[in-house]
Amino acid sequence: MLLALFLTFYVFTLVGNLLILLAIASSARLHTPMYFFLCELSVCDIFFPSVSSPKMLVYLSGYSRAISYAGCVSQLFFYHFLGCTECFLYTVMAYDRFVAICHPLRYQVIMSPRVCAILASGTSFFGCVQATFLTTLTFQLPYCGPNEVDYFFCDIPVMLKLACADTAALEMVGFISVGLMPLSCFLLILTSYSHIIYSILQIRSAEGQRHAFSTCSAHLTAILLFYMPVIFIYLRPTPSPWLDAMVQVLNNLVTPMLNPLIYSLRNKEVKSSLRKVLHQLGFLPEPL
């Protein structure tokens with residue numbers, strides 16, 4: 001049952017995000033900074049669950065539950081690389097909405113293609129730096145205990161349990177590193193949205209306010225879905241392996257699957273482009 005359930009989630013995640021990429025790429029109207037960053041988010045949501053889900057599905061299908069040392073290192077690195085990149089990306093997307101709503105006349109100048117490319121590459125670069133630091137910090141420890149990871153993939157808290165040395169100092173450094181980065185991004189997002197809400201409240205027409213709020217509601221929903229598992233797993237003083245595993249499965253599979261729905265259900269342009277893509281692929285009949 002778990003194999004069928006998680007495989008369904010994983011397939012829907014891949015298909016949903018690929019459709020978002022195709023819809024944005026095929027529509028010239030969607031070639032704007034907001035949708036450019038949404039494309040990068042869809043790429044992250046394709047690769048992020050792919051770090052741990054295929055191996056987990058192999059376990060559930062009854063095959064070998066073994067993983068090599070290099071595979072374990074790779075899982076931890078790419079999990080935090082993509083997770084950190086996505087965290088920085090949500091911050092950049094909040095800044096994009098801030099410029100679009102608070103400085104609409106200067107939006108095209110401020111968010112030029114060059115600036116968008118720098119911001120997008122910056123999210124990946126700093127995500128790589130953060131993941132390299134966390135991976136090096138974790139695997140510099142001596143591991144001489146049982147070679148069994150009490151989890152469904154290699155992550156920092158479970159790897160520290162297998163170390164033979166005292167890990168108190170490293171746990172504190174990792175806690176600060178994992179906690180400080182998301183907290184800084186979250187504060188920047190709150191700052192952007194405080195200015196956004198103030199600007200929206202200055203709009204006199206109710207229709208204008210509703211339109212402005214609708215462009216931000218999808219992003220806010222995605223942010224909440226992303227940050228709640230991070231806070232629950234990494235920033236609690238007393239972790240619970242089973243509860244953490246349940247939350248982590250939701251974070252790895254369900255949230256990336258929901259993001260395409262969140263960003264398309266309330267967006268007429270994306271829905272229109274999706275209909276065209278699905279019609280071209282033969283999944284929808286010819287529109288009347």
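## Disulfide criterion and basis of the model

A disulfide is taken here as a pair of cysteine sulfur atoms within 2.5 Å. In general terms, a disulfide is a covalent bond between the sulfur atoms of two cysteines.

The structure is a predicted model, in which local features need pLDDT of at least 70 and side-chain atom pairs count only at pLDDT 80 or more, while totals for chains, interfaces and linings use all residues. Residues are numbered from 1 along each chain as its sequence is written, and side-chain values use heavy atoms, with hydrogens and water left out.

## Disulfide inventory

Across the whole structure, 2 disulfides are found. When the bonded cysteines of the protein are numbered in sequence order, they pair as 1-3, 2-4.

## The Cys144–Cys164 link

Cys144 and Cys164 are joined by a disulfide with an S to S distance of 1.7 Å. This pair links distant parts of the chain, 20 residues apart: Cys144 is in the loop between H6 and H7, and Cys164 is in the loop between H7 and helix H8 (168-201). Helices are DSSP runs of H or I with at least four residues, numbered from the N terminus.

Cys144 is exposed at 57% relative accessibility, whereas Cys164 is partly exposed at 40%. For these classes, buried means under 20% relative accessible area, exposed means over 50%, and partly exposed lies in between (1.4 Å probe, protein chains only).

## The Cys72–Cys154 link

In the disulfide of Cys72 and Cys154, the sulfur atoms are 1.9 Å apart. The link is left-handed, with -110° about the S-S bond. It connects distant parts of the chain, 82 residues apart, with Cys72 in helix H4 (residues 69-102) and Cys154 in the loop between helix H6 (113-139) and helix H7 (156-161).

Cys72 is buried, at 6% relative accessible area. Cys154 is also buried, with a relative accessibility of 2%.

Cys185 counts as buried, with 4% relative accessibility.

## A nonpolar surface patch

Met172, Phe175, Ile176 and Leu180 form a nonpolar patch on the surface, and together they have about 380 Å² of accessible area. Patch residues have over 30% relative accessible area and no salt bridge, and nonpolar side chains (Val, Leu, Ile, Met, Phe, Trp, Tyr) are joined within 5 Å, like charges within 9 Å. A salt bridge is a side-chain nitrogen of Lys or Arg within 4 Å of a carboxyl oxygen of Asp or Glu. Accessible areas come from the Shrake-Rupley method with a 1.4 Å probe; for residues, only the protein chains shown count as cover.

Methods: Helix = DSSP H or I, 4+ residues; strand = E, 2+ residues; numbered from the N terminus.
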